[in-house]
Amino acid sequence: MQTSNATSLTSRHVAVIGAGAAGLVAARELWREGHQVVVFEKDSQIGGTWVYTPQVETDPLGLESTRHIVHTSLYKSLRTNLPRESMGFMDYPFVTRAGEGSDPRRFPGHAEVLKYLQDFAREFGIEEMVRFECEVVSVEMVDNEKLKVKCKRMRPDGGGGDDLLDEVFDAVVVCNGHFTQPRIAEIPGINLWPGKQIHSHNYRTPELFKDKVVILIGSSASAIDLSLEIGGIAKEVHIASRSVANDTYEKRAECDNIWLHSMIKSAHKDGSVAFRDGNTIVADIILHCTGYKYYFPFLKTNGIVTVDDNRVGPLYKHVFPPIFAPRLSFVGLPYRSLPFPIFEIQSKWISGVLSDRIVLPSQEDMMEDINTFYSTLEDSGVPKRHTHSMGDTMIDYNAWVASLCQCPCFEEWRVQMFYETAKRLNANPKTFRDEWEDNNLVLQACEDFSKYI
């Protein structure tokens, strides 16, 4: 990988799919690099998953292919699990801004994040690039050099039917998010079990769980949040986690009606659910906090780019499929990371490659790198479904991409704040958002922010 010696930058006609956080920062970086940008957004406003709605899907598990899909997975009480200082884009700090309804908390509610994204879009004129109520239904290669995007657009007069429009682009950047298609736990006997099942994608408020015996499957930050919220009104909450030992059975310190178990062994037609720890519970509801599938129904690549056990591949460094690079790219696949800053650095990379300022390796070299990466994961015992999980690799990844782009990498305070927050979440999941001891890092952040405010 190297920087090009080209004296002038190439401007390309680029489509961005999605106007959530990833799509907004991708549009900004592409525009900054001199590209002509069109953002396709199926909703009537920007924000993506950060646009809350009380509406849920008709299928509470989100499995029926014919269901009306609700994009967001936000629940009403959601607060960020990262402090605002580390969460925001690097050159547009997520600070408290004056205005009606602002939320000054360090870990604000979802409405404050949406407001931040709206301010960001307004600051950089991104809404002018967005085609609202335009759902992309097909992306396919044409003439080996271009990509044809077909979108379905609602008629402005509200008349029946939708307009289908085709447009050819030099490149497409996929930023459609990955919190819409639920992953469901596989439980032997579940088809005979008589209780109710729901995926957290369709959770908004806890009233459904009042006085019920609830089994919650999962151990993510949202699973912890929901167990505590539901525990406030449920009779019992039993958390099933595959990340604990098979003999695990313990009462949670945060609430006297919440228990932690190992994973479910089987479900039965009498309403009982057996755990691997040997306990059996008669439950009313199973809540799947089991994550999401990457989903790109619009991509037509003849099976070249696939999603296999939640591995999107083959992708060079989570971004470029070698055969289609740089014409097709992805922003925002990694998780267990600092999402907005990762979106930003990936977008800078893509923008520089498309302008010929940054040169990608050959297809062969990219595939060799991908195969080496996959072999390393396998040798380390990392399941395929965790291919895009970053964790401790986030720092090296960011530094590597930043060096290509010749831009700053994550500040040390931002990285330390990320890890300090993770420690507090594990130690005190009920209070970590409101009790902290990293004020020294906050001061360092504020010093950095003074360059941009």
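This briefing covers the cores, cavities, a pocket, a sheet and one cysteine of the structure above. The model is predicted, and local features need pLDDT of at least 70, side-chain atom pairs count only at pLDDT 80 or more, and totals for chains, interfaces and linings use all residues. Residues are numbered from 1 along each chain as its sequence is written, and side-chain values use heavy atoms, with hydrogens and water left out.

**Nonpolar cores**

- A nonpolar core is a set of buried Ala, Val, Leu, Ile, Met, Phe, Trp, Tyr and Cys residues joined through side-chain atoms within 4.5 Å. Buried means under 20% relative accessible area, exposed means over 50%, and partly exposed lies in between (1.4 Å probe, protein chains only).
- The largest nonpolar core has 88 residues, of which Phe89, Leu117, Val173, Ile230, Phe320, Phe340 and Trp349 touch the most other members.
- Helix H5 (residues 339-354) gives the largest share of this core, eight residues. Helices (H or I, at least four residues) and strands (E, at least two) are DSSP runs, numbered from the N terminus.
- Another core, of 24 residues, lies apart from the largest one, and Val38, Val305, Leu315 and Leu333 are among its members.
- Leucine 117 is in contact with Ala21, Leu24, Ile46, Gly47, Trp50, Phe89 and Phe340, leaving aside its neighbours within four places in sequence. Contact means heavy atoms within 4.5 Å.

**Cavities**

- On a 1 Å grid over the protein atoms alone, a cavity is a set of points where a 1.4 Å probe fits but cannot get out, while a pocket is an open set with protein on both sides within 12 Å along at least five of seven lines; lining residues have an atom within 4 Å of a point.
- Grid points are joined across faces, edges and corners, and a volume is the space filled by probe spheres set on the points.
- The structure has two cavities of 30 Å³ or more.
- The largest cavity, with a volume of about 50 Å³, is lined by Val139, Glu140, Met141, Leu147, Leu299, Lys300, Thr301, Phe324 and Leu328.
- Strand S5 (134-142) and strand S20 (299-300) each give two or more residues to that lining, and S5 gives the most, with three.
- The second largest cavity holds about 40 Å³ of space, and its lining consists of Phe94, Val95, Arg97, Glu112, Lys115, Tyr116 and Asp119.
- By class, the lining of the second largest cavity has three nonpolar, no polar and four charged residues. Ala, Val, Leu, Ile, Met, Phe, Trp, Tyr, Cys and Pro count as nonpolar, Asp, Glu, Lys and Arg as charged, and the others, Gly among them, as polar.

**Second largest pocket**

- This pocket has a volume of about 380 Å³. It is lined by 17 residues, and those closest to its centre are Lys317, His318, Phe373, Thr393 and Tyr397.
- Helix H6 (363-379) and helix H7 (393-405) each supply at least two lining residues, with the largest share, five residues, coming from H6.
- The lining divides into nine nonpolar, five polar and three charged residues.

**Sheet**

- Four strands form an open sheet in the order S7-S6-S5-S20, with mixed pairing. Two strands pair if DSSP finds at least two bridges between them.
- Strand S7 (162-169) and S20 are the edge strands, each pairing on one side only.
- S5 pairs with strand S6 (residues 146-154) in the antiparallel sense over eight bridges, and valine 139 has valine 149 in S6 as its bridge partner.

**Cysteine 446**

- Cysteine 446 is in helix H9 (residues 439-449) and is partly exposed, with a relative accessible area of 43%.
- Cysteine 446 and proline 108 are 338 residues apart in sequence and 17 Å apart in space, C-alpha to C-alpha.
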